[in-house]
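Reader: I'm new to this one. Can you show me the structure and walk me through it?

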Amino acid sequence: MRFPVRELLLRKIISAAIATSLFSLTYAWLEPIPFISENIHAISARSHEAFRIINVFIIYAAPAIYLYGITASLISELSARVVTQRLWLRLTVSTVFHCGFGLILLPFSLIAAVFFLIADTILILKWKKPVSIKITLASSLLPIGLWVLSIAYIHISG
């Protein structure tokens with residue numbers, strides 16, 4: 001049984017970039033003002049505060065998702081490949097492992113693990129070309145661009 005480790009690792013890095021961006025956007029929307037029990041009900045005020053805090057979530061989430069998330073996802077997928085060769089059963093086993101690894105820091109890591117799993121599964125099912133280093137490096141522009149947009153928004157809006 002041969003595992004294409006290089007392509008697997010490159011795909012996991014792309015999934016980490018997507019998961020970092022989705023996690024930061026989602027969690028900033030859910031908790032626009034962390035550590036304060038103030039509720040924001042107006043959509044414009046919630047959006048304003050969420051976009052101001054995205055950069056903080058990216059700074060803290062990116063290292064965890066890139067280091068822990070990629071490692072946990074590699075373990076999950078390689079374990080699922082050892083268990084079975086059927087794609088949907090492998091996906092089920094991998095989902096159980098991803099959610100298990102995501103239980104470490106509820107709810108943060110579980111949300112990130114689900115986003116990582118969704119991004120990786122979509123890449124497995126829809127991406128038919130070999131993954132290259134250029135595409136992998138370009139994928140890191142997604143969280144970096146989101147971070148830059150958030151910083152620019154803070155400077156523009158005050």
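Predicted model: local features only at pLDDT ≥ 70, side-chain atom pairs only at ≥ 80, totals over all residues.

Author: Here we go through a cavity and then a helix pair.

Reader: How many cavities of 30 Å³ or more does the structure hold?

Author: One.

Reader: What volume does the largest cavity have?

Author: About 140 Å³.

Reader: Which residues line the largest cavity?

Author: Glu77, Ala80, Leu87, Arg90, Leu91, Ser94, His98, Leu117, Asp120, Thr121, Ile124 and Leu125. The elements giving two or more residues to that lining are helix H2 (43–83), helix H3 (87–101) and helix H4 (108–126).

Reader: And how do the residues of that lining divide into nonpolar, polar and charged?

Author: Six are nonpolar, three polar and three charged.

Reader: New topic. At what angle do H2 and helix H6 pack?

Author: About 150°. Helix H6 covers residues 141–157, and the axes of H2 and H6 lie 8 Å apart. Angles over 145 degrees count as roughly antiparallel, so H2 is roughly antiparallel to H6.

Reader: Is the crossing of H2 and H6 left-handed or right-handed?

Author: Left-handed.

Reader: Which residues in H2 meet H6?

Author: From H2 come His48, Phe51, Arg52, Ile54, Asn55, Ile58, Ile59 and Tyr66. They meet Pro143, Leu146, Trp147, Leu149, Ser150, Ile151, Tyr153, Ile154 and Ser157 in H6.

Reader: How does the contact of H2 with H6 divide into nonpolar, polar and charged residues?

Author: Twelve are nonpolar, four polar and one charged.

Conventions:
Residues numbered from 1 in each chain as written. Heavy atoms only, no water. 1 Å grid on protein atoms, 1.4 Å probe; cavity = no way out; pocket = protein on both sides within 12 Å on 5 of 7 lines; lining within 4 Å. Points joined across faces, edges and corners; volume = space filled by probe spheres on them. Helix = DSSP H or I, 4+ residues; strand = E, 2+ residues; numbered from the N terminus. Nonpolar A, V, L, I, M, F, W, Y, C, P; charged D, E, K, R; others polar. Axes fitted to C-alpha atoms, helices over the stretch in contact; angles between N-to-C directions. Parallel < 35°, antiparallel > 145°, perpendicular 65-115°, else oblique. Left-handed = near helix turned anticlockwise from the far one by under 90°. Contact = heavy atoms within 4.5 Å.
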